[in-house]
Amino acid sequence: MGQRKKICVNCGAKVDYDTTICPTCGSTQFRRSEDDGTTILRFTSVQNTIEEDTQELPQVKKRKIVLGKKIKNRWKKWKIKAGKSLAKTNDKVEELQDKFQQLPETTKKLSLLLGAVVILLVVALIVAMLVLGGKGDEKAGPAASPTPSAQVTATPESLSATANPDGSAIGKVTILEDIINVRTSPDTEASILGIVELDTEHDVYEIRSDEDYTWYRIGAEQWIADSHDEWVKYTPNEEG
């Protein structure tokens, strides 16, 4: 292989590698024409000859190499930090173990017993929460429905009713209590219109009964309640 050459950046003249000033144009900037045997062919219009020029590595490849080095360096640093942290943790564990070994035997036994009790309490608490949660689900049932409202309990399907077809009175009630509330419907949560007093008598136009009360309608949307014939005395009409 002949002497290495380099090419002037300004005029393209090919000179010896040791030349510092281009003899053609006086420039001091050159580029290499040979690099480890990897060359490309370059045609020079001045000399009508084929000369060799160096093919440089692509920038992308260079960046990949730099990035790989950075990742490798970071991985080494992380391994060093992780090793130091693990070493510190091991040192603390060993220090605690040494302190524990230096304790009196009674203190050691009490410490172990206390730790076991704490673990058992935690386990028992978790089991209790699971059991109580399961019972709550069983009580709720697969299709739990809201409690029926008082208005629903007053429907004809849940009350046995007695009344004349023509709407005339079917009997009378005598009040046995000091006062009884008069409500807008046969329902203990219905609105209160007023009261009826002891020993007063009232015509009855309709009677409805449920499991707890017997309701007497003494007027339009006016109902009073009786509990087991203790609050009022009902007397039916002869033709009722």
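Guide: Buried means under 20% relative accessible area, exposed over 50%, and partly exposed in between (1.4 Å probe, protein chains only). This model is predicted: local features need pLDDT of at least 70, side-chain atom pairs count only at pLDDT 80 or more, and totals for chains, interfaces and linings use all residues. Residues are numbered from 1 along each chain as its sequence is written, and side-chain values use heavy atoms, leaving out hydrogens and water.

Visitor: Is V118 buried, exposed or partly exposed?

Guide: V118 is found in helix α2, residues 105-140 (helices are DSSP runs of H or I, at least four residues; strands, of E, at least two; both are numbered from the N terminus). Because its relative accessibility is 44%, V118 counts as partly exposed.

Visitor: How many disulfides does the structure hold?

Guide: A disulfide is a pair of cysteine sulfur atoms within 2.5 Å. For C22, the nearest cysteine sulfur is that of C11, 3.6 Å away; for C25, that of C8, 3.5 Å away. A search of the whole structure gives a count of zero.

Visitor: Is C22 buried or exposed?

Guide: C22 is in no disulfide. Because its relative accessibility is 2%, C22 counts as buried.

Visitor: Which strands stand at the edges of the sheet?

Guide: The open sheet has three strands in the order β2-β1-β3, with antiparallel pairing (strands pair if DSSP finds at least two bridges between them). Strand β1, residues 5-8, pairs with β2 over three bridges, and I7 has K14 in β2 as its bridge partner. Each edge strand has a single partner, so one side is left without a neighbour in the sheet; these strands are β2 (14-16) and β3 (30-32).
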